[in-house]
Amino acid sequence: MEKFIIHGGEPLAGEVTIGGAKNHALKLFAASVLFEDPITIQNVPLIEDIFRMKELLEGLGAKITKTGQNDFCIDSSGIFRTDLDREITKRFRASVVLVGPLLARFGRVSLPHPGGCVFGERPIDLFIAGFEQMGAQFKEKDDCYVFEADNLRGADFTFRIPSVTVTETLMLAAVLTEGKVTLRNAACEPEIEALAHYLNSAGAKIRGAGTQTIVIEGLGKHARLKSNKPSQIIPDRIEAGSFLILGSLLATDLRIKKCRPEHLASLIVHLEAAGVNVEVGSDWMGVCRPETFTSLDLKTREYPGFPTDLQAPFSVFLTQTKGKSQVFETVFDGRLEYMIDLKRMGAEITICDPHRAIILGPTPLHGREMESPDLRAGLAFVIAALVAKGRSTIHNVYQIDRGYERIEEKLKQINANIKRVD
Ligand code: EPZ
């Protein structure tokens, strides 16, 4: 198993270029099921979850070729089966997004309980409620979930809570229904808007993606989308935000290029409230560590609120701010476990309940052995190790490679002392 060896305390400086968004690219791979012809996707991050999605689609009969350094051509017209591979599906959550397009096109799809990050139990009740309202039948059979629908129909579905992948998979299914589907209290992430924008350029009729109400005029079960241009994956706002937090802690002068600062408005205002000066350009950000930074409370929210995927990296930042901070993780249960490892590094943290913690700072951190529990906590450990004095070892690097392309190469380019060893 690969691991990272990190020696912390080095000041960082230079430029880092952000890759394509994992949570946009994965959904566009799934959306290829709706197309009659091959689609070309550019700026795809070369990360483990993309490789799993490629294997999953190829296992169903799709033909996928790499046409450039970060470009893929996906032909899903030849798909002949709709039972998702058990082992692969359990390794990443985005596999669930395939349910909608497969169900709409083939009338049946089966999958095991989807995998991915282990915080909370990751329920699928919203998938079931949404597809049942669109006329599908759901059952559990041989430890698998099965959805069946001869013809999906129009619906007016209100989310009990906004869900990103359920919004996406219902939106994809709705493209081939007979009738109109309205999704209310839907997730508003920019990756959803980008996904809908490409589908509309290929003949779909989706309005309101990126807002809380999305209306899809279905084209009918036998319709197919037709791509007439490649799709460009938007920059990964979570990768960009991770480097912005790292730069706030350790940089003498860090420039983050090929990003979309407008997708990180909440993080930027939190950093500025803590005393960090963030320079913002059209597609770049500049940051350096201030003399001191003051503590502040953090509450994660659905987009455009503070992203839950940056809660762990930001909590590392809070351990270095002066004063008392409260972290309130409102989106997921059990997404504070990683703080136990930060405490072992010297952080002063009280975990009050599965959603809330108190952090007192600043405290010096010292390096130690750690295991990445999931991709975002894994990156938070990398940040903590770079801040800490001494040597850290981070195991289970696969989890980090799920969401970050060649992260150690990018970090070395800005003077970080990190190496990957087998
Ligand atoms: C997506 O996960 C992202 N993953 C997550 O990023 C991200 O943390 C999350 O959205 C929130 O922004 C992908 O896009 C592949 P949710 P998703 O459904 O869709 C509850 C990463 O690091 N819920 O928006 O699975 C759920 O338990 C990953 O890239 C139900 O109750 O998250 C959570 O409390 C980690 N029933 C809340 O909704 C359901 O049927 C929001 O989760 C589905 C979800």
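Which residues of α10 are buried? Select them and see: Gln311, Ala312, Pro313, Phe314, Ser315, Val316, Phe317, Leu318 and Thr319. "Buried" here means under 20% relative accessible area, "exposed" means over 50%, and "partly exposed" is in between, using a 1.4 Å probe and protein chains only. Nine of the nine residues of helix α10 (residues 311-319) are buried, so this helix is largely enclosed by the rest of the structure. As for the labels, helices (H or I, at least four residues) and strands (E, at least two) are DSSP runs, numbered from the N terminus.

A word on what you are looking at. This is a predicted model, in which local features need pLDDT of at least 70 and side-chain atom pairs count only at pLDDT 80 or more, while totals for chains, interfaces and linings use all residues. Residues are numbered from 1 along each chain as its sequence is written, and side-chain values use heavy atoms, with hydrogens and water left out.

**Stop one: the two domains**

Now colour the chain by domain: domain 1 is 3-19 + 235-421, and domain 2 is 22-232. These bounds come from an automatic or database domain assignment. The C-alpha centres of the two domains are 30 Å apart. Where they meet, 22 residues of domain 1 are in contact (heavy atoms within 4.5 Å) with 26 residues of domain 2.

**Stop two: the largest pocket**

Select Arg122, Ser163, Val164, Val331 and Phe332, which lie nearest the centre of the largest pocket among its 45 lining residues. Why does this pocket lie between the domains? Both domain 1 and domain 2 give residues to its lining, so that is where it lies. Its volume is about 1100 Å³.

How is that worked out? On a 1 Å grid over the protein atoms alone, a pocket is an open set of points where a 1.4 Å probe fits, with protein on both sides within 12 Å along at least five of seven lines; lining residues have an atom within 4 Å of a point. Grid points are joined across faces, edges and corners, and the volume is the space filled by probe spheres set on the points.

Next, show helices α1, α5, α6, α8 (237-250) and α12 (375-387): each supplies at least two residues of the lining. By class, the lining has 18 nonpolar, eight polar and 19 charged residues.

**Stop three: the cores**

Select Met171, Leu183, Leu199 and Ile206. These have the most contacts inside the largest nonpolar core, which has 80 residues. Such a core is a set of buried Ala, Val, Leu, Ile, Met, Phe, Trp, Tyr and Cys residues joined through side-chain atoms within 4.5 Å. Zoom in on Ile206: leaving aside neighbours within four places in sequence, its contacts are Met171, Val175, Ala196, Leu199, Asn200, Ile214, Val215 and Ile216. Another core, of 68 residues, lies apart from that one, and Ala240, Leu246, Ala251 and Met285 are among its members.

**Stop four: helix α4**

Select 99-106. Seven of the eight residues of α4 are buried, namely Val99, Gly100, Pro101, Leu102, Leu103, Ala104 and Arg105. To see what covers them, show elements including α1 (22-31), α2 (48-60), β6 (108-111), α5 (125-133), β8 (144-148) and α6 (164-174). After α4 comes Gly107, with a positive phi near 85 degrees.

**Stop five: loops and backbone details**

Go to Pro304, in the loop between β17 (298-299) and α10. The peptide bond from Tyr303 to Pro304 is cis, with omega near 10 degrees.

Lys258 has a positive phi, near 55 degrees, in a residue other than glycine, and at 41% relative accessibility it counts as partly exposed. Arg406 is not a glycine either, yet its phi is positive, about 50 degrees. You'll find Arg406 in the loop between α13 (398-401) and α14 (407-413).

Last, select Ser372, in the loop between β21 (369-371) and α12. Is Ser372 buried or exposed? At 0% relative accessibility, Ser372 counts as buried. Not counting residues up to four places away in sequence, Ser372 touches Gly378, Phe381, Ile394, His395, Asn396, Gln399 and Ile400.

Note on methods
Ala, Val, Leu, Ile, Met, Phe, Trp, Tyr, Cys and Pro count as nonpolar, Asp, Glu, Lys and Arg as charged, and the others, Gly among them, as polar.
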